[in-house]
Amino acid sequence: MGEDSCMSRWTKLGKWGFAGPWYGELTAHTGSVLMDRLAMLRQYGFQLFSAGLHDLMKLPVDERKSLLAHLGEHGMELAVYTGYPYITAEADEAVSWNEEILLALSELCSVMKPVIVMTEAHYTSRFDKRIPLNAALERLSGALAPLAAGCKEFGTRLAIENHADFYCSDLVTVCRNTPDLWLFLDTGNTFLIGERPLEAFQAAAPYVIGTHFKDHQVRPVLDANPLHFEVGGSVLGEGDVPLQLCYDLLLAHAPFPEELIMEIEMICPSGMSPVAALEKSIAYIRTLDGDGE
């Protein structure tokens, strides 16, 4: 696949990126992790580069500006992720964290504005009985509200991921109660918390502005103690997540379909090289609109 090939032509939806895991075989190892990742993304024709806000801002200023300049030169967009323990943070801690994040975003936006700011709850799960669920969701909303407002002021959008902590329906409630907050849908994490994926996608779709587009092979294990549900890696399109139906739902119901951030997240199945798994996953993505290559 040629460098800088245009992935935007592969599907009708949004802009595609790669969220990892960053297996060693996927990149060179020059000593600059972020530049190595950028080179891989360009090689495969991805449009989006994502990085931790903290990781970007701790770079020397010249190195950060050089990285962002490379994105601009090659027509790539920037996405960042950030966050802190929103639910368990004390009120003064939340204020301090929010101020720090918004200050870093302001500095970053003066050079290059990210198209999306991604976060997660940084919490155990909805089943943690130390805090009643409704109270946990209220705390989450209260802590996220200043960040969502700040992102809107900067001309970007804040989205919270279902990170195997809350149901999509829980986070829809948070979005409804938090102005300018959106959902970042991880298609595979539904299985990790016991959700039925299709129902989760249906609830989430009207709020989704980005995805970790991920597949899993799953099976119940009934002859063990404790009983459990086994979730394994998969090439996209070869597992048990209804990715085509998810894509169709987003195409029909996402609030900004042409601006959707679509990141492949690929957990490589055992016995397959990460390069082969990635190339098969990309080939599957190219079929999502029904006309293939």
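1. Contact here means heavy atoms within 4.5 Å. By that criterion, the buried residues of helix H9 pack against strand S6 (181-186), helix H8 (197-204), strand S7 (208-213), strand S10 and helix H10 (274-285). Note that this is a predicted model.

2. Which residues of H9 are buried? In this helix, residues 243-253, they are Leu243, Cys246, Tyr247, Leu249 and Leu250. Viewed down the H9 axis, the buried residues stay within an arc of 160°, so they line one face of the helix. The general rule is that an α-helix has 3.6 residues a turn, so residues three or four places apart point the same way.

3. The largest pocket holds about 570 Å³ of space. Its lining comprises 26 residues. Closest to the centre are Gly52, Leu53, Tyr81, Thr82 and Gly83.

4. Which elements supply at least two residues each to that lining? They are strand S1 (15-20), strand S2 (48-52), helix H2 (53-57), helix H4 (91-109), strand S4 (116-119) and strand S10 (261-265). H4 gives the most, with four residues.

5. By class, the lining of the largest pocket has eleven nonpolar, nine polar and six charged residues.

6. The second largest pocket has a volume of about 170 Å³. It is lined by 13 residues. Val115, Ile116, Thr156, Arg157 and Glu259 lie nearest its centre. Seven of the lining residues are nonpolar, two polar and four charged.

Definitions and conventions: Residues numbered from 1 in each chain as written. Predicted model: local features only at pLDDT ≥ 70, side-chain atom pairs only at ≥ 80, totals over all residues. Heavy atoms only, no water. 1 Å grid on protein atoms, 1.4 Å probe; cavity = no way out; pocket = protein on both sides within 12 Å on 5 of 7 lines; lining within 4 Å. Points joined across faces, edges and corners; volume = space filled by probe spheres on them. Nonpolar A, V, L, I, M, F, W, Y, C, P; charged D, E, K, R; others polar. Buried < 20%, exposed > 50% of the residue type's maximum accessible area, 1.4 Å probe, protein only. Arc of directions from axis to C-beta.
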